[in-house]
Amino acid sequence: MRQYDSERDEALDEALHDFCSSPQEARELKKIASMFSDLPRAQSSSSFQSKLRASLLEKAQSASNNIDRKEKTGFFAAICKFQKKYIPRPLFTVSAAVVVAVVALTMFYSYGLVKTGAGGCAPWSPFTAMIEKNEPEKRDAAEKEPSSAPGKTPAGQVLGKQEKTETEKSDPSAEPSVSNETEENAPPLEDFPPEELEPGEEEGAERPNLPEQDEQKIYPAGQQEEGDAPLRPAPVFATEKNMRSVKLAGKIKLSPAYYNMVATQAEAPVEKVNYAWKPRKIVASMMTGAPFGSSSWAQEILSNEGFSVREGDILVINLQETRKGNFAEVFYNSQKSGEAGPKLALHYEEGKGIIGYFYQEQGDIWQPGFYPLLSPSKAFARAREVEWYAPAARLDFSFQEVFLTYHDFIVVENARQKTQRLPAYCFLGRETFHNGGEFKLYLPAIP
Amino acid sequence: MLLEEKEREIVYNAQKDPRSFTPLYDHYFPKVYNYIYRRVQNVQLTEDLVAETFYKALANINKFKWRGQGYSFAGWLFTIARNQVIDQFRKQEPQLLGESGWDLVAPETDNPEDRVLQAATREDLLKVIQTLTPNQQDALLLRFQEGLKIKEIAAVLDKNEGAIKALLFRGLKSLRKKLEGGDYDAAV
């Protein structure tokens with residue numbers, strides 16, 4: 001695309017002519033410049049280049065969708081202007097009316113005027129349409145895995161490949177029946193979340209206080225019908241219905257971290273350790289591409305917290321429109337956490353950000369339910385309590401990714417130590433000062 | 001020959017449709033990677049900063065405008081990359097060179113030109129570059145490795161063309177001096 005050889009030499013001659021005291025000096029400096037130009041170029045691994053390329057393409061795709069939406073709005077404005085200008089002319093008026101009618105019909109259908117089971121038309125729910133339009137993979141997952149648990153309100157999805165998104169997005173025929181599919185064919189996520197269960201209630205027991213049909217109308221993906229049901233004054237999160245708390249009797253004592261050595265070799269801690277928690281954040285301007293409540297949006301907010309959402313991970317998103325604003329409850333199960341690992345739950349308020357962190361306990365270490373967690377950045381603050389041992393005098397770590405797991409910590413109670421399994425964040429990082437290897441740092445995730 | 005028109009067209013397309021950003025990425029990735037690696041000398045950091053540079057470029061490509069002389073897409077992109085490097089250096093303490101035990105000794109010869117060139121291997125040169133001031137490193141890398149024009153470098157470094165020529169001259173002179181066996185204190 002660009003080639004500069006001729007210009008390069010001229011500019012260099014000019015610069016050296018201006019500053020060098022003698023032709024010999026100019027000749028020497030030119031040779032150095034020539035050596036500089038011939039230096040071998042640093043090359044990245046092809047996997048990094050292709051990964052970044054794929055990631056950029058994904059971002060570009062969501063940004064492009066955003067532009068398309070804006071253009072559609074602009075198109076409507078243009079029609080209005082046109083109509084105003086040519087309204088005195090009957091021929092134009094008729095033509096414009098026809099165009100407007102066609103466009104209106106197209107827009108209604110492309111935005112998902114939902115047919116009800118009775119054959120009538122239900123009012124369009126903007127949340128439903130936005131989510132389903134941008135989450136064809138969710139629909140895909142729902143179609144592949146018929147529900148084994150009817151009545152589970154959240155629409156969960158196993159994250160799949162992106163390729164299918166393109167074809168399905170461009171297929172308007174896939175749009176109209178999304179609402180029913182979401183409700184009827186939600187994938188079987190037995191673990192997520194026990195929204196229907198009151199604290200202490202057994203699964204399968206009757207739940208007279210929570211009429212299932214009403215919940216479904218109001219809840220997932222903001223499917224409430226305008227005018228039929230008033231907005232709730234405040235959000236009601238599924239996690240709150242089975243919220244528990246725990247207080248440790250003792251104090252957690254963090255184990256030393258050994259880098260490139262084993263505990264028996266350790267003599268004195270490393271003198272100087274620098275560590276930073278730098279999750280790969282998505283810049284604010286990129287976030288506009290993903291509609292609130294969509295899978296891409298959830299991936300972005302999780303990514304900003306350091307959770308790297310990958311293919312095969314499970315995301316469940318519940319949206320609520322209330323008089324206080326729009327809220328989302330995001331359940332995330334990373335493959336890295338393992339099937340038996342703790343599941344993360346986030347409460348999010350539109351315009352405000354994440355307002356709560358929780359995890360779902362299955363009964364492995366405490367009673368089943370949801371327990372509050374620290375944010376990864378707050379949990380990372382405890383890294384200062386860790387003693388580092390390494391063969392080097394100085395260590396620099398850069399941690400960029402995190403996942404929720406269980407880890408055995410030492411708890412000290414009345415001068416007695418015991419091992420206690422606790423929910424923990426595993427921070428994945430790399431030693432940067434010596435271009436070193438990967439390192440896993442486990443820190444307690446509970447407050 | 002400079003195919004600026006072609007680049008303009010690609011940038012214009014990318015501004016209209018971000019999916020058309022990929023040709024720019026494919027073309028500039030090796031250059032940006034090389035530039036950042038030469039500045040930070042660490043693969044992991046380089047990957048982070050390169051990714052951040054391209055994310056920012058993609059997010060802000062609509063803000064890029066062809067504004068007069070020296071303001072090219074390459075200049076704009078390297079400005080983002082350079083800002084990433086500067087931010088990185090602000091966060092971390094200076095990295096000391098010379099600890100690895102490498103040493104350069106000027107050979108015995110009467111001809112100063114030969115003296116420099118005999119002593120300086122590519123590896124030596126790579127190490128000595130790290131001892132230049134950040135601006136000298138930027139100017140030399142952008143000029144002789146990435147092939148930017150003087151006016152483009154001036155836009156990246158926010159200086160005038162005369163200042164860039166002076167930086168190049170002082171940088172080369174400093175390299176020569178250090179390759180002859182001068183001081184090696186790191187300047188990053």
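## Close-up views of a predicted two-chain model

View 1. A nonpolar core here is a set of buried Ala, Val, Leu, Ile, Met, Phe, Trp, Tyr and Cys residues joined through side-chain atoms within 4.5 Å; buried means under 20% relative accessible area, exposed over 50%, and partly exposed in between, with a 1.4 Å probe and protein chains only.

Residues are numbered from 1 along each chain as its sequence is written, chains are lettered from A and ligands numbered from 1 in the order in which they are written, and side-chain values use heavy atoms, with hydrogens and water left out.

**View 2. Two leucines of chain A and their partners in chain B.** Leaving aside neighbours within four places in sequence, A:Leu52 is in contact (heavy atoms within 4.5 Å) with B:Tyr25, B:Phe29, B:Val50, B:Ala51, B:Phe54 and B:Tyr55. A:Leu56 sits in helix H3 (residues 46-86) of chain A; helices (H or I, at least four residues) and strands (E, at least two) are DSSP runs, numbered from the N terminus. With a relative accessible area of 4%, A:Leu56 is buried. Not counting residues up to four places away in sequence, A:Leu56 touches B:Phe21, B:Tyr25, B:Phe54, B:Tyr55 and B:Leu58.

View 3. B:Asn34 is found in helix H2 of chain B. What is the relative accessible area of B:Asn34? The value is 0%, so B:Asn34 counts as buried. Apart from its neighbours within four places in sequence, B:Asn34 is in contact with A:Arg41 and A:Ala42 from chain A, and with B:Gln145 and B:Glu146 from chain B.

**View 4. A:Phe19 against chain B.** A:Phe19 belongs to helix H1 (residues 5-19) of chain A. Its relative accessibility is 32%, so A:Phe19 counts as partly exposed. Leaving out residues up to four places away in sequence, A:Phe19 touches B:Gly162, B:Lys165, B:Ala166 and B:Phe169.

**View 5. Helix H9 of chain B and its start.** Helix H9 (residues 161-179) of chain B has 19 residues and reaches 27 Å from its first C-alpha to its last, close to the 27 Å expected at 1.5 Å a residue. That expected span is 1.5 Å times one less than the number of residues in the helix. At the start of H9(B), a side-chain oxygen of B:Asn160 comes to within 3.2 Å of the backbone nitrogen of B:Gly162.

View 6. H8(B) is mostly covered, with six of its eight residues buried. Those buried residues are B:Ile150, B:Glu152, B:Ile153, B:Ala154, B:Val156 and B:Leu157. B:Asp158 lies in the loop between helix H8 (150-157) and H9 of chain B. This residue, B:Asp158, has a positive phi of about 55 degrees although it is not a glycine. At 69% relative accessibility, B:Asp158 counts as exposed.

**View 7. A loop residue of chain A with positive phi.** A:Asn414 is in the loop between strand E11 (394-413) and strand E12 (416-431) of chain A. Phi of A:Asn414 is near 50 degrees, a positive value in a residue other than glycine. Is A:Asn414 buried or exposed? Its relative accessibility is 70%, so A:Asn414 counts as exposed.

View 8. Chain A has twelve helices and 13 strands, and 47% of its 447 residues count as buried. Chain B has nine helices and zero strands, and buried residues make up 54% of its 188 residues.

Notes: This is a predicted model: local features need pLDDT of at least 70, side-chain atom pairs count only at pLDDT 80 or more; totals for chains, interfaces and linings use all residues. A polar contact is a pair of N or O atoms within 3.5 Å; within protein, one must be able to donate a hydrogen and the other to accept it, and residues adjacent in sequence count only if both atoms are side-chain atoms.
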